[in-house]
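The sequence and structure are shown first.

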Amino acid sequence: MPDVVISGTGLYTPPESISNDELVEAFNTWVDQENDLNREAIAAGEVEPLAKSSSEFIEKASGIVSRYVVNRDGVLDPQRMIPRIPDRSNDQMSIQCEMAIHAARGALAQAQVDATEVDMVIVACSNLQRAYPAIAVEIQHYLGCDGYGYDMNVACSSATFGIKAAADAIQSGSAKRVLMVSPEICSGHLNFRDRDSHFIFGDACTAVLLEREDLVRRKDGYKVVGCHLWTQFSNNIRNNFGFLNRGDEEGVGKLDKLFIQNGRKVFKEVCPQVAKHIAGHLESLELAASDMSRLWLHQANLNMNQLVARKLLGREPTVQDAPVILNEYANTSSAGSIIAFHKHSLDLKAGDKGVICSFGAGYSIGSVVVERQ
């Protein structure tokens with residue numbers, strides 16, 4: 001089978017951002033309003049007062065300092081705390097398509113490839129703004145790509161699963177060049193009134209171009225050495241929003257129609273499994289963690305990444321070992337590990353190897369071992 005190369009990556013970042021201090025100010029204003037509204041019930045012991053948030057709490061719990069969002073004024077309005085994203089007519093480009101076009105052009109330029117030479121488009125992300133037609137087919141149309149496209153969702157692991165799907169398509173001969181994009185508008189499914197998670201997510205879009213090795217023009221890309229995927233069902237990270245919600249009006253607007261998680265269980269159960277997954281993948285390729293020059297890990301939580309890297313390396317990881325971008329971007333779901341790769345892969349030398357790994361709801365884990373050309 002032909003070798004597959006990641007020849008280009010691209011990143012789109014929304015122009016607006018929100019600092020922890022700004023987010024906390026809006027959240028605490030809402031908390032004060034709610035506690036004042038319920039002051040009599042609180043005084044009578046019938047209702048527990050809402051607790052305030054703080055920037056110190058957020059940074060200690062997650063390592064997050066700020067996040068980019070498609071709209072900040074709606075999020076920071078204590079009366080709303082939902083991004084304002086105007087509906088677009090069917091004749092307009094969708095917002096996820098628009099984000100993907102920006103990221104895709106960056107990946108195509110890096111790879112020195114024209115969009116007309118791409119014969120497959122995959123959209124791999126946690127949330128799709130509509131059921132159909134596929135966002136991938138819309139992107140294919142507006143970029144002018146050939147071939148076909150489809151959407152897929154494996155939550156935070158979508159991008160690594162998408163890379164695997166792209167590599168398989170190229171090796172099987174059903175495509176020569178595959179554009180895989182992850183337009184994540186995580187602010188759309190985040191409950192900004194939940195103290196435990198209101199700070200977690202940001203918005204971004206990444207793009208990865210994969211090509212058959214003999215077609216590659218850029219000579220310092222990354223060969224895909226191997227991909228390994230794993231899933232196991234868990235309710236600890238969930239979002240029940242879907243087209244069947246209207247079938248039971250009592251469920252509309254309930255908290256489970258947004259992002260919910262049992263963070264402590266996720267941390268305890270996922271971290272050891274991720275380290276085991278990567279170690280097993282490397283062993284199957286007759287490699288060891290010491291052979292890896294870099295770990296581009298899923299950017300959900302700094303403490304999780306440090307624990308995974310520590311278990312794999314057997315020592316305290318440095319920022320060179322496992323780059324961190326979540327301090328600036330927050331958790332961008334499937335885009336996170338690709339942002340880390342995009343921003344921290346150009347300094348490696350030919351022959352250097354690394355692992356792109358994402359993990360999340362499912363549970364799901366995807367790892368991609370790559371080698372610099």
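**A salt bridge between Arg 315 and Asp 321**

Arg 315 counts as partly exposed, at 41% relative accessibility. In this predicted model, its side chain meets that of Asp 321 in a salt bridge, with an N to O distance of 2.7 Å. Asp 321 has a relative accessible area of 14% and is therefore buried, since the cut-off for that class is under 20%.

**The network around Glu 117**

The count of salt bridges comes to 19. Glu 117, Arg 177, Glu 211 and Arg 217 are linked in a network of such contacts.

Glu 117 and Arg 177 meet through their side chains at 4.0 Å, N to O. This pair links distant parts of the chain, 60 residues apart: Glu 117 lies in the loop between H4 and S4, and Arg 177 in strand S6. Glu 117 is partly exposed at 26% relative accessibility, whereas Arg 177 is buried at 7%.

Arg 217 also forms a salt bridge with Glu 117, at 2.5 Å, N to O. Here the partners are 100 residues apart, Arg 217 being in the loop between strand S7 (203-212) and strand S8 (222-231). Arg 217 is partly exposed, with a relative accessible area of 36%.

**Helix H5**

Helix H5 spans residues 135-143, and its buried residues include Ile 135, Ile 139 and Leu 143. The buried residues of H5 pack against helix H4 (95-111) and strands S4 (120-124), S5 (148-152) and S6 (177-185). Gly 144, with a positive phi near 85°, follows H5.

**Strands S2 and S3**

Strand S2 (residues 16-19) pairs with S3 in the antiparallel sense over 4 bridges, and Ser 19 stands opposite Ser 66. Strand S3 (residues 66-69) is covered on both faces: Ser 66 and Tyr 68 are buried on one side, Arg 67 and Val 69 on the other.

How values were computed. Residues numbered from 1 in each chain as written. Predicted model: local features only at pLDDT ≥ 70, side-chain atom pairs only at ≥ 80, totals over all residues. Heavy atoms only, no water. Buried < 20%, exposed > 50% of the residue type's maximum accessible area, 1.4 Å probe, protein only. Helix = DSSP H or I, 4+ residues; strand = E, 2+ residues; numbered from the N terminus. Pairing = 2+ DSSP bridges. Contact = heavy atoms within 4.5 Å.
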